[in-house]
Amino acid sequence: MKKIAIFASGAGSNAQKIIDHFRTSGFASVQLIVTNKAGAGVVQIAMSESIPVLQIERNRFIDTGYVAELKKFEIDFIVLAGFLWMIPRVLLQEYAHKIINIHPALLPLYGGKGMYGEAVHTAILNAKEKESGITIHYVDEKYDHGEIILQVKCSISDQETPGTLAQKIHALEHEHYPPVIEQILKTLS
Ligand code: GRF
């Protein structure tokens with residue numbers, strides 16, 4: 001059984017979909033939620049799903065990556081879903097090619113520091129883009145930069161607002177993130 005840790009600090013809608021997807025799989029399961037925000041929606045989700053929460057602190061994260069804690073939970077794979085801190089080298093080395101992220105735009109466009117949440121969709125609409133989409137990618141030492149695993153596009157209508165675009169993007173994320181995680185886990189020995 002592959003053990004997944006989800007790093008999230010937001011509402012947690014992707015975390016919920018991933019938990020749901022693997023709940024009955026018998027192949028993998030979400031064993032830990034890691035967050036830097038005690039009040040985040042994802043913490044409520046973890047509590048209602050009886051999944052332990054590891055609340056992390058920035059300096060210790062940079063120094064240790066909380067590797068010992070992740071090992072204690074025997075975590076095999078790390079999924080970022082609305083987690084905004086840079087992943088420290090110590091953690092990248094320990095989980096080489098085993099940390100992935102989802103971004104609400106077509107990277108390398110509209111990525112990087114500060115490009116999260118509504119800011120992404122507002123920038124896309126201001127630039128009069130005709131399409132957007134999601135990117136699932138491996139995590140490396142730069143924001144929104146690692147090798148791309150999957151991109152899925154959606155069109156942008158003339159009436160689009162940041163809110164309606166966010167809804168479209170979330171729907172794509174919820175549809176594609178869990179099966180991509182499953183596919184990658186199946187390739188791990
Ligand atoms: C998603 O849009 C994801 O692309 C980004 O953060 C958002 C998290 O949303 N990395 P939620 O907390 O899963 O609802």
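## Aromatic pairs

The structure, a predicted model, holds six aromatic pairs; rings of Phe, Tyr and Trp (its six-membered ring) are paired if their centres lie within 6.5 Å, and planes under 30 degrees apart count as stacked, over 60 as edge-to-face and the rest as tilted. Helices (H or I, at least four residues) and strands (E, at least two) are DSSP runs, numbered from the N terminus. Phe7 is buried at 1% relative accessibility, and Phe61 is buried at 1% relative accessibility; buried means under 20% relative accessible area, exposed over 50% and partly exposed in between, for a 1.4 Å probe and protein chains only.

Phe61 also forms a tilted pair with Trp85, at 5.9 Å centre to centre and 40° between the planes. Here, too, distant parts of the chain are linked: Phe61 belongs to helix α3, while Trp85 sits 24 residues away in the loop between β4 (77–80) and α5 (89–94). Trp85 is buried, with a relative accessible area of 15%. Ring pairs join Phe7, Phe61, Tyr66, Phe83 and Trp85 into a cluster.

## Basis of the values

Residues are numbered from 1 along each chain as its sequence is written, and side-chain values use heavy atoms, with hydrogens and water left out. As the model is predicted, local features need pLDDT of at least 70 and side-chain atom pairs count only at pLDDT 80 or more, whereas totals for chains, interfaces and linings use all residues.

## Asn36

Asn36 is placed in the loop between β2 and α2. Its side chain makes a polar contact with the side chain of Ser9 at 2.4 Å. A polar contact is a pair of N or O atoms within 3.5 Å; within protein, one must be able to donate a hydrogen and the other to accept it, and residues adjacent in sequence count only if both atoms are side-chain atoms. Apart from neighbours within four places in sequence, Asn36 is in contact (heavy atoms within 4.5 Å) with Ser9, Gln55, Ile56, Phe83 and Trp85. Phe83 and Trp85 are also members of the aromatic cluster.

## Ligand surroundings

The residues around the ligand are Gly10, Ala11, Gly12, Ser13, Asn14, Gly82, Ile102, His103, Pro104, His170 and Glu173; a residue is near a molecule if one of its heavy atoms lies within 4 Å of it. Oxygen atoms of the ligand take part in several pairings: one is 2.7 Å from a polar backbone atom of Gly12, one is 3.5 Å from a polar backbone atom of Pro104, and one lies 3.1 Å from a polar side-chain atom of His170. The protein covers 83% of the 370 Å² of accessible area that the ligand has on its own, where areas come from the Shrake-Rupley method with a 1.4 Å probe and, for residues, only the protein chains shown count as cover.

## Helix α2

Helix α2 spans residues 41–48, and its residues Val42, Val43, Ile45 and Ala46 are buried. These residues are on the same side of α2 because they cover an arc of only 160° around the axis, the arc being that of the directions from the helix axis to the C-beta atoms. Their cover includes α1 (13–23), β2 (28–35) and β3 (53–55). The face turned away from the buried side carries the exposed residues Gln44, Met47 and Ser48. Just after α2, Ser50 takes a positive phi of about 55°.

Most residues other than glycine have a negative phi, and most peptide bonds are trans. Tyr66, in the loop between α3 and α4 (67–72), has a positive phi of about 55° and is buried, with a relative accessible area of 5%. Lys128, in the loop between α6 and β6, likewise has a positive phi, near 55°, but counts as exposed at 65% relative accessibility. The peptide bond from Leu107 to Pro108 is cis, with omega near 10°; Pro108 is found in the loop between β5 (99–103) and α6 (118–126).

Val139 is located in the loop between β6 (131–138) and β7 (148–155) and is buried, with a relative accessible area of 17%. Not counting residues up to four places away in sequence, Val139 touches Leu80, Ile87, Leu92, Ile99, Ile100 and Asn101. The C-alpha atoms of Val139 and Pro108, which are 31 residues apart along the chain, are separated by 13 Å.
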